[in-house]
Amino acid sequence: MKFFVDTANLDQISEAKDLGILDGVTTNPSLMAKEGIVGRENILKHYKMITEIVSGDVSAEVISTDFDGMVREGKELAAIAPNIVVKVPMIKDGVKAISWFTQNNIKTNCTLIFSAGQALLAAKAGATYLSPFIGRVDDTSWDGIDLIHDIAHMYQTQGFMTEILAASIRSPKHIVQAAQAGADVVTCPLKSILGLLNHPLTDIGLAKFLADHNKAEAAVG
Ligand code: E4P
């Protein structure tokens, strides 16, 4: 399973890269706004900086909601670097735009996925990645991990090549559950990735190893 970091923060992207386990980056308009990146030129420059840090896929989302606008924006984004993936919302014109990008060899990430039916349409249109928002599904009375499981089963049964990119991850446990349910990729805040490190028995065990080592060294020297 691939690990993407879900942020537009350059320091966090670099820190995740330094861990040696980073395969890519996802952003969205909210994450860009959080970093104070406004204005088309600044947005394009910021994406360029991200692609210079990370060699894996970087999702950059269109703002337009009509077919012509999405194609125009997507072409501009894809021209930034070969590892840009155009992120397109799951709406009628979005499906049409994904189909156009697929035919023109531009990678896509279909975002705002909340049902298996939406996942089926995105795969039919040829999306490279599909982003089910598991945390936001959990915020309702539905189950985000069940959604990943259902989509993984459907894609496997039908032979679709679209990669399931579990998004809206809220915890380290979500990462493990998404992996178990068949996600190809998880995108998450750096904090959730770092949370995978934690276990109290690891800390206790390491402290004991070091104490025993130091005691033995002191006894001979
Ligand atoms: C990434 O592709 C999504 O836009 C992101 O994971 C959404 O996360 P949120 O639900 O925490 O905003």
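Predicted model: local features only at pLDDT ≥ 70, side-chain atom pairs only at ≥ 80, totals over all residues.

How many residues does helix α4 have, and how far does helix α4 reach from its first C-alpha to its last? I found 12 residues (67-78) and a reach of 16 Å, close to the 16 Å expected at 1.5 Å a residue. The expected span is 1.5 Å times one less than the number of residues.

Residues are numbered from 1 along each chain as its sequence is written, and side-chain values use heavy atoms, with hydrogens and water left out.

**Entry: the whole chain.** I counted 11 helices and 8 strands; these are DSSP runs numbered from the N terminus, helices being H or I of at least four residues and strands E of at least two. The C-alpha trace spans about 75 × 40 × 30 Å along its principal axes. Of the 221 residues, 47% count as buried, meaning under 20% relative accessible area with a 1.4 Å probe, protein chains only. I also looked at contacts (heavy atoms within 4.5 Å): among those between residues at least 6 apart in sequence, 56% join residues at least 24 apart.

**Entry: back to α4.** Its buried residues are F67, G69, M70, V71, E73, G74 and L77. I asked what covers them, and the cover includes α3 (40-53), β3 (57-61), β4 (84-89) and α5 (92-103).

**Entry: β3.** Is β3 largely enclosed or open? It is largely enclosed by the rest of the structure, because 5 of its 5 residues are buried. I checked both faces: D57, S59 and E61 lie on one side, V58 and A60 on the other, and all are buried. On pairing (at least two DSSP bridges between two strands), β2 (residues 24-26) runs parallel to β3 with 3 bridges, and V25 stands opposite V58. Strand β4 also runs parallel to β3, joined by 4 bridges, with A60 opposite V86.

**Entry: α8.** The 15 residues of this helix (144-158) should span 21 Å at 1.5 Å a residue, and the end C-alpha atoms are 21 Å apart, which agrees. I listed the buried residues of α8 as G144, I145, L147, I148, I151, A152, M154 and Y155. They pack against β5 (108-113), α6 (116-124), β6 (129-132), α7 (134-138), β7 (163-166) and α9 (172-181).

Note on methods
Buried < 20%, exposed > 50% of the residue type's maximum accessible area, 1.4 Å probe, protein only.
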